[in-house]
Amino acid sequence: MQRPFDESVRPHPTGDLPGAWYGSGEPDPAQVDPVVLGALLDRHGWRRRGGAAGRYARWTPPGPGAGGTSLLVPESRSFPDCEDLLGEALTALARSAAPSAREVLVGLTVPSDEIRWWRDVPQGPSGAASWTVQEQLRGAARQMLMAGALAARGRAGYYGARHRRQAQASLEGVLVGPAPGGRSLTAFVPVQSGRAVVVRLYHALQAAREAADYQRATGGMEAFDAAVEAGVSRELTEAIIALVRGSEGARVALEWSPAAGVPAGCAPRNEPVEFSPGDLPALREAGARYLQDEPSVPVRVTGTVVRMRRSGPRGAGTVRLRVLAGAEVPHVRVALDEDSYRTAGHAHLVGLPIRVVGRLESRGGFRRLTDASNVVPVQVDEAERDRLMKSLQENLDFFEEACQGE
């Protein structure tokens, strides 16, 4: 099951900018760098219409219907009326109906790197996209953000359940702003908490594009093997497939925050990375290859027993652990022999976690521990023990059957 997109990102405002994000409703002119404002206006399609050279520039919004709206933006803070002009420009942006005005304000208030997705799909009535087309775009964007966040935690061809809690946490501050028509989407990733994710996604998308080109030209998959080091994974190939499937093609563009500058090792201006339906066979083959080749991982897991099950009152059984340490997964299932199963049951009854050695299997998404051995209770402080005992009392039905005959 996939979580809704809105659990990974917060929605872009559609009305006045809420004070929860922007204080009084718009950025403080005293804190705004006019150079950054000009760069954001240019990025979002506003047109420069002259002005006094070296002093200020006049900007008008993109698209038809702009009317007489224009902004006077000083070239630098050395201009005598800089703060007054900035205040007027910010007020005009806050009152503007242009979607790009909201995006400029977001970039000013929360210094963010921007990720944009486009899908080439047939237009519906009045240029709108269907509900399913919009949901497919949002779902693919969510998957791609998660793939980048996972790659920022470490390189792997397949992550499964590993690192997902940490990756999800790194995306909590992301803002999202859909463009009219439902065929494009923009995510604003705060530099402070998410730049590592965007940098990793930048390198991974470039590597995936080059690997797909190599496979189509030579038939070889070697480039996909090497691309893992750049952040390409099964999760990323699945995200690209979801983005392209059902369309005539898709593009992803990344833009760096003008306030934070360009990260090391990245180009200052990036052309969108494009994928087409012709890339899908190579991406599917790469994803299957990553899933098959990712090895199991030797681990020593400490966790609390949350479920026990076996077919009879005696013999081997299976326990489910909530992982406390030793593996980057929230829960793991472990098959135990009779003695180890008894040890796990007794440890839980007295409010103790257990430690177990085994191999975290890639099959099933790294949720299963095999070759389990050395099952022992682990001492914890009194506060944690009380909490575990309370959990046992709330879930006692799970253990009445499990511990029969012991």
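Tyr 158 is buried, with a relative accessible area of 11%, where buried means under 20%, exposed over 50% and partly exposed in between, using a 1.4 Å probe and protein chains only. Keep in mind that this is a predicted model, in which local features need pLDDT of at least 70, side-chain atom pairs count only at pLDDT 80 or more, and totals for chains, interfaces and linings use all residues. Residues are numbered from 1 along each chain as its sequence is written, and side-chain values use heavy atoms, with hydrogens and water left out.

Which partner does Tyr 158 have? A search of the whole structure finds two aromatic pairs. In one of them, Tyr 158 and Phe 366 sit 5.9 Å apart, centre to centre, with 40 degrees between the planes, which makes the pair tilted. For such pairs, ring centres of Phe, Tyr and Trp (its six-membered ring) must lie within 6.5 Å; planes under 30 degrees apart count as stacked, over 60 as edge-to-face and the rest as tilted. Tyr 158 lies in the loop between helix H5 (131-153) and helix H6 (164-170), while Phe 366 lies in the loop between strand E13 (354-361) and E14, so the pair ties together parts that are 208 residues apart in sequence. Helices (H or I, at least four residues) and strands (E, at least two) are DSSP runs, numbered from the N terminus. Phe 366 is buried too, at a relative accessible area of 0%.

Most residues other than glycine have a negative phi. Asn 374, in strand E14, likewise has a positive phi, of about 55 degrees. Is Asn 374 buried or exposed? At 56% relative accessibility, Asn 374 counts as exposed.

Strand E14 (residues 368-377) also holds Arg 368, which is partly exposed at 43% relative accessible area. On the surface, Arg 368 gathers with Arg 307, Arg 309, Arg 320 and Arg 333 in a patch of positive charge. Patch members have over 30% relative accessible area and no salt bridge, and like charges are joined within 9 Å. A salt bridge here is a side-chain nitrogen of Lys or Arg within 4 Å of a carboxyl oxygen of Asp or Glu.

There is a negative surface patch as well, formed by Asp 120, Glu 248, Glu 271 and Glu 274. Glu 248 lies in the loop between helix H9 (234-244) and strand E8 (250-255), and counts as exposed at 65% relative accessibility.

Notes. Patch = residues over 30% accessible without salt bridge, like charges linked within 9 Å, V, L, I, M, F, W, Y side chains within 5 Å. Areas by Shrake-Rupley, 256 points an atom, 1.4 Å probe, with all protein chains shown as cover. Lys, Arg positive; Asp, Glu negative; His and termini not counted. Charge placed at Lys NZ, Arg CZ, Asp CG, Glu CD.
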